[in-house]
Amino acid sequence: MAFESNYVTFIGNLTDDPELRYTQGGTPVATIRLASNRRWNDRDGQQQEETTYLNVTCWRDMAENVAETLHKGDRAIAIGRLKVRSYENREGQTVWTTEIEADEIAPSLRWARANVNRTGGGGGGGGFSGGGSSAPPAAPLPPEDVPF
């Protein structure tokens, strides 16, 4: 396996419940939005805060598991590839967005407990997935099969 240099880990709280959709081909895809706060004191000793929001996309079994397991306010850890894409909005303007295409999603156990229930499913995937292949397709989906 070649080293992937664009893998990121992002920890934050879900801003809403996961949104589960299906492509025209029937493939499940879930999107979650994570918010992460950073706090620091400036030179004058005043506390400052900055919030970073990031969308995370999960495919197949992982998408359905995320939709059933995580809820608004839950703290989660997302590991995956950073993706930058653009689309044209209703006003005809090009909008750029940065998101994570997830290989792993997990609840944070720093301030919570979780019960792990393994799911049945297809082969491997390895790591912490607990069954079923959760990796996105090797090649990009054809344009008619993209849910956004």
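Helices (H or I, at least four residues) and strands (E, at least two) are DSSP runs, numbered from the N terminus. This is a predicted model, in which local features need pLDDT of at least 70 and side-chain atom pairs count only at pLDDT 80 or more, while totals for chains, interfaces and linings use all residues. Residues are numbered from 1 along each chain as its sequence is written, and side-chain values use heavy atoms, with hydrogens and water left out.

**View 1. The chain has one helix and six strands.** Along the sequence the pattern is β-β-β-β-α-β-β. Of the 148 residues, 28% are buried (under 20% relative accessible area; exposed is over 50%, partly exposed in between; 1.4 Å probe, protein chains only). Among contacts (heavy atoms within 4.5 Å) with a separation of 6 or more, 59% are between residues 24 or more positions apart.

**View 2. Glu99 lies in strand E6 (residues 94–107).** Glu99 counts as buried because its relative accessibility is 8%. Its side chain makes a polar contact of 3.2 Å with that of Arg85 (a pair of N or O atoms within 3.5 Å; within protein, one must be able to donate a hydrogen and the other to accept it, and residues adjacent in sequence count only if both atoms are side-chain atoms). Beyond four places in sequence, the residues that Glu99 touches include Leu54, Thr57, Arg81 and Lys83.

**View 3. Leu54 lies in strand E4 (residues 47–59).** With 11% relative accessibility, Leu54 counts as buried. Leu54 and Glu99 are 45 residues apart in sequence, but 5.8 Å apart in space, C-alpha to C-alpha. Other contacts of Leu54, leaving aside neighbours within four places, include Phe10, Ile32, Leu34 and Ile100.

**View 4. Helix H1 (residues 60–69) has Met62, Ala63 and Val66 buried.** Seen down the axis of H1, these buried residues fall within an arc of 105°, so they line one face of the helix; the arc is that of the directions from the helix axis to the C-beta atoms. Their cover includes strand E2 (19–22), strand E3 (28–41), E4 and E6.

**View 5. The charged end of Arg38 sits over the ring of Trp40, 4.0 Å from the ring centre.** A charge sits over a ring if NZ of Lys or CZ of Arg is within 6 Å of the ring centre and within 35 degrees of the ring normal.

**View 6. Residues 123–143 have pLDDT below 50.** pLDDT is the predictor's confidence in each residue, from 0 to 100. The chain mean is 83, and 78% of residues reach 70 or more.
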